[in-house]
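Please open the structure in a viewer and keep the selection panel at hand. The stops below are arranged so that each selection prepares the following one.

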Amino acid sequence: HGLSIYEITHPPLGKYLMSLGIRAFGMTPFGWRVVCALFGTMMVPLCYVFMWAVSKNSWISAFTTALLVFDFMHFTLSRIGTIDVIVGFFILLTFYLMYLVLDDLKMGCSWKTVCLMILNGMAAGAAMASKWTGVYACAGIAVLFFTFLFQEYGTAAARTRKGMSGQAAISYLAGRS
């Protein structure tokens with residue numbers, strides 16, 4: 001109806017995304033729900049790809065994806081008009097991209113790693129711009145990232161194991177060695 005969003009309990013991105021469905025299909029139950037259904041559906045292959053990256057096993061990936069598909073809460077949130085499944089998608093995408101970043105950082109910083117970090121920041125930003133619970137998930141991601149950096153490069157034992165000094169570790173991560 002061209003009205004501005006008047007509900008302000010959460011950031012606006014999730015509501016703007018839902019409004020695309022309303023704009024395309026009208027102010028109908030289908031229009032309210034179509035975007036949530038699409039995000040819930042996109043979570044399924046994302047879950048499979050994420051578990052494939054972690055386990056390199058198609059059975060584990062399929063089993064994990066089946067758990068998501070047959071989870072009644074995921075099914076319910078994907079079919080009703082709430083922003084929870086949208087933020088859930090962006091949080092899962094953020095965790096997947098952070099896994100790829102950390103996996104790449106074990107071999108040093110490259111352009112691929114930088115691109116993955118940028119995509120990760122965009123997914124994290126979308127999660128936080130959809131619902132406030134995205135902030136908590138992103139705080140957890142930050143803890144994982146800095147814990148990884150400390151374990152890999154922050155302790156003297158880790159640098160000795162890699163045969164580098166503190167300055168060399170910084171240069172290595174910056175891609176200058």
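A salt bridge is a side-chain nitrogen of Lys or Arg within 4 Å of a carboxyl oxygen of Asp or Glu. With that criterion in mind, note that the model is a predicted one, and that two salt bridges are present in it.

**Stop 1: Lys-112 and Asp-104**

Select Lys-112 and Asp-104 and display their side chains. The two meet in a salt bridge, with an N to O distance of 3.7 Å; this pair qualifies because the cut-off is 4 Å. Asp-104 belongs to helix H5, which spans residues 84-105. Is Asp-104 buried or exposed? Its relative accessible area is 10%, so Asp-104 is classed as buried. Lys-112, by contrast, is exposed, with a relative accessible area of 53%.

Now extend the selection around Asp-104. Which residues does Asp-104 contact, once neighbours within four places in sequence are set aside? They are Lys-112, Thr-113 and Leu-116.

**Stop 2**

Asp-84, at 27%, is partly exposed.

**Stop 3**

In soluble globular proteins, nonpolar side chains tend to be buried together. Here, the largest nonpolar core comprises 25 residues, and Phe-39, Val-85, Ile-86 and Phe-90 have the most contacts inside it. Helices H1 (13-25), H2, H5 and H6 each contribute at least two residues to this core. Which helix gives the largest share? The answer is H2, with nine residues.

Centre the view on Ile-86. Not counting residues up to four places away in sequence, Ile-86 touches Gly-14, Leu-17, Met-18, Val-35, Cys-36, Phe-39 and Ser-130. Another core, of twelve residues, lies apart from the largest one; Leu-97, Leu-102, Phe-145 and Tyr-153 are among its members.

**Stop 3**

Tyr-136 is part of helix H7, residues 133-154. With a relative accessible area of 64%, Tyr-136 is exposed.

**Stop 4: the cysteines**

A disulfide is a covalent bond between the sulfur atoms of two cysteines. How many disulfides does the structure hold? The number is zero. As for accessibility, Cys-47 is buried at 10% relative accessibility, whereas Cys-115 is partly exposed at 42%.

**Stop 5: Lys-56**

Finish at Lys-56, located in the loop between helix H2 (29-55) and helix H3 (58-69). Inspect the backbone here: phi of Lys-56 is near 55 degrees, a positive value in a residue other than glycine. Why does Lys-56 count as exposed? Its relative accessibility is 55%, and exposed means over 50%.

Definitions and conventions. Residues are numbered from 1 along each chain as its sequence is written. This is a predicted model: local features need pLDDT of at least 70, side-chain atom pairs count only at pLDDT 80 or more; totals for chains, interfaces and linings use all residues. Side-chain values use heavy atoms; hydrogens and water are left out. Helices (H or I, at least four residues) and strands (E, at least two) are DSSP runs, numbered from the N terminus. Buried means under 20% relative accessible area, exposed over 50%, partly exposed in between (1.4 Å probe, protein chains only). A disulfide is a pair of cysteine sulfur atoms within 2.5 Å. Contact means heavy atoms within 4.5 Å. A nonpolar core is a set of buried Ala, Val, Leu, Ile, Met, Phe, Trp, Tyr and Cys residues joined through side-chain atoms within 4.5 Å.
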